[in-house]
Amino acid sequence: GGGSGIGGRRSDVAPPRPPPRRRFSVAEAQKVQQQRQQREKEEFARLGRERREAEIENRRRLHAEAARKQQEAADQAQQKYDHEQQKKYEAVKRRREEADARRQMLE
């Protein structure tokens with residue numbers, strides 16, 4: 001048998017050898033590079049799209065908010081106007097009724 005020690009074939013204790021590094025051919029390396037760039041480009045596009053969509057959504061919300069405020073202001077103005085018209089109408093009506101009552105008393 002062979003001597004134990006450095007020359008010995010004791011495979012159960014031998015440290016696992018790292019698998020030999022696969023050498024990429026130039027074409028493969030370029031392909032991998034292109035795939036990575038493509039992924040990065042897509043990711044970048046996605047981020048850009050999400051940001052644009054967020055901005056659009058934001059703008060839409062602001063517009064909606066502004067429109068709502070304008071509508072509220074318009075409604076308030078309308079109510080105020082209606083209220084004042086109503087007061088005027090009632091004042092006129094009351095004066096007319098008072099005039100009618102005086103006229104009836106005179107008759």
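Glu57 and Arg61 sit four residues apart in helix 1, which puts about one helical turn between them. Helices here are DSSP runs of H or I with at least four residues, strands are runs of E with at least two, and both are numbered from the N terminus. This is a predicted model, where local features need pLDDT of at least 70 and side-chain atom pairs count only at pLDDT 80 or more, while totals for chains, interfaces and linings use all residues. Residues are numbered from 1 along each chain as its sequence is written, and side-chain values use heavy atoms, with hydrogens and water left out.

Back to Glu57, which has a salt bridge with Arg61. A salt bridge means a side-chain nitrogen of Lys or Arg within 4 Å of a carboxyl oxygen of Asp or Glu. Glu57 also pairs up with Arg60 in a salt bridge, and those two lie three residues apart in helix 1, about one turn of the helix. As for cover, Glu57 is partly exposed at 32% relative accessibility; buried would be under 20% relative accessible area and exposed over 50%, with partly exposed in between (1.4 Å probe, protein chains only).

Further along, Arg103 and Asp100 make a pair of their own, joined by a salt bridge. Both belong to helix 1 and are three residues apart, again about one turn of the helix. Arg103 is partly exposed, at 47% relative accessible area, and Asp100 is partly exposed too, at 30%. Elsewhere, salt bridges with shared partners tie Glu43, Arg46 and Glu50 into one network.

Here are the pairs with their N to O distances:

| Pair | Distance |
|---|---|
| Glu57 and Arg60 | 3.1 Å |
| Glu57 and Arg61 | 3.8 Å |
| Arg103 and Asp100 | 2.7 Å |

Now for the whole chain. How many salt bridges does the structure hold? There are eight. The chain has one helix and zero strands, and that helix covers residues 26–106. Of its 107 residues, 1% count as buried. The chain exposes about 11100 Å², with carbon and sulfur atoms supplying 52% of that area. Accessible areas come from the Shrake-Rupley method with a 1.4 Å probe, and for residues only the protein chains shown count as cover.
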